[in-house]
Amino acid sequence: MNDCKGEWMNDRTLDQNAMQWPILHAWSRQKMWVINGQKTRMSAEEWKDVLTAAFEGETSPRLAMGLNGGVVMLGRRTSKYTKARFSEWIDWLMAASHHANIDLTGEWEQGAKEVWEKLND
């Protein structure tokens, strides 16, 4: 029982989870991406898939054949990250946002800054 509790204590927190979504929504609003040969907007959830793959290094993705001949990337699950790994993910996500000229100003005003400061106290 203690082992299970110890593992749970290492899971990412709800505050950490909440921190990623304003950033991912900023990507969704501000960045176009090529899908099936056409530039389009992606949802925050789709950006999470792309950015998580980049964070994981894009070096060893798990790809499966789709039922109709396509390719499906088997997702990485940030919900499985430890607190420390999730902190690295948020740091990386913020750096990637800066590098891609994603403006997070509005997201900070909507409470992400408050969560960030709480997590880094």
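**Exercise 1. A charge and a ring**

Determine over which ring the charged end of Arg85 sits.

Solution. Step 1: apply the criterion, by which NZ of Lys or CZ of Arg must be within 6 Å of the ring centre and within 35 degrees of the ring normal. Step 2: in this predicted model, the charged end of Arg85 sits over the ring of Tyr81, 5.7 Å from its centre.

The model is predicted, and local features need pLDDT of at least 70, side-chain atom pairs count only at pLDDT 80 or more, while totals for chains, interfaces and linings use all residues. Residues are numbered from 1 along each chain as its sequence is written, and side-chain values use heavy atoms, with hydrogens and water left out.

**Exercise 2. Aromatic pairs**

State how many aromatic pairs a search of the whole structure finds, and describe the pair of Trp33 and Trp47.

Solution. Step 1: rings of Phe, Tyr and Trp (its six-membered ring) pair if their centres lie within 6.5 Å; planes under 30 degrees apart count as stacked, over 60 as edge-to-face and the rest as tilted. Step 3: Trp33 and Trp47 lie 5.1 Å centre to centre with 70° between the planes, an edge-to-face pair. Step 4: this pair links distant parts of the chain, with Trp33 in strand S1 and Trp47 in helix H3, 14 residues apart. Helices (H or I, at least four residues) and strands (E, at least two) are DSSP runs, numbered from the N terminus. Step 5: ring pairs also link Phe55, Tyr81, Phe86, Trp89 and Trp92 into a cluster.

**Exercise 3. Burial**

Classify Trp33, Trp47 and Ala53 as buried, partly exposed or exposed.

Solution. Step 1: buried means under 20% relative accessible area, exposed over 50%, and partly exposed in between (1.4 Å probe, protein chains only). Step 2: Trp33 has 36% relative accessibility, so it counts as partly exposed. Step 3: Trp47 counts as buried because its relative accessibility is 1%. Step 4: Ala53, which belongs to helix H3, is buried because its relative accessible area is 10%. Step 5: for the protein chain of 121 residues, buried residues make up 29%.

**Exercise 4. The hairpin**

Describe how strands S1 and S2 are joined.

Solution. Step 1: two strands pair if DSSP finds at least two bridges between them. Step 2: S1 (residues 32-35) and S2 (residues 38-41) run antiparallel and are joined by 4 bridges. Step 3: Trp33 stands opposite Thr40, and Val34 stands opposite Lys39. Step 4: the hairpin has 2 residues between the strands, and Asn36 takes a positive phi near 50°.

**Exercise 5. The nonpolar core**

Identify which residues of the largest nonpolar core touch the most other members, and which helix gives its largest share.

Solution. Step 1: a nonpolar core is a set of buried Ala, Val, Leu, Ile, Met, Phe, Trp, Tyr and Cys residues joined through side-chain atoms within 4.5 Å. Step 2: among its 20 residues, Ile23, Trp27, Leu51, Trp89 and Leu93 touch the most other members. Step 3: helix H2 (14-30), helix H3 (44-55) and helix H4 (83-99) each supply at least two residues of this core. Step 4: the largest share, 6 residues, comes from H4.
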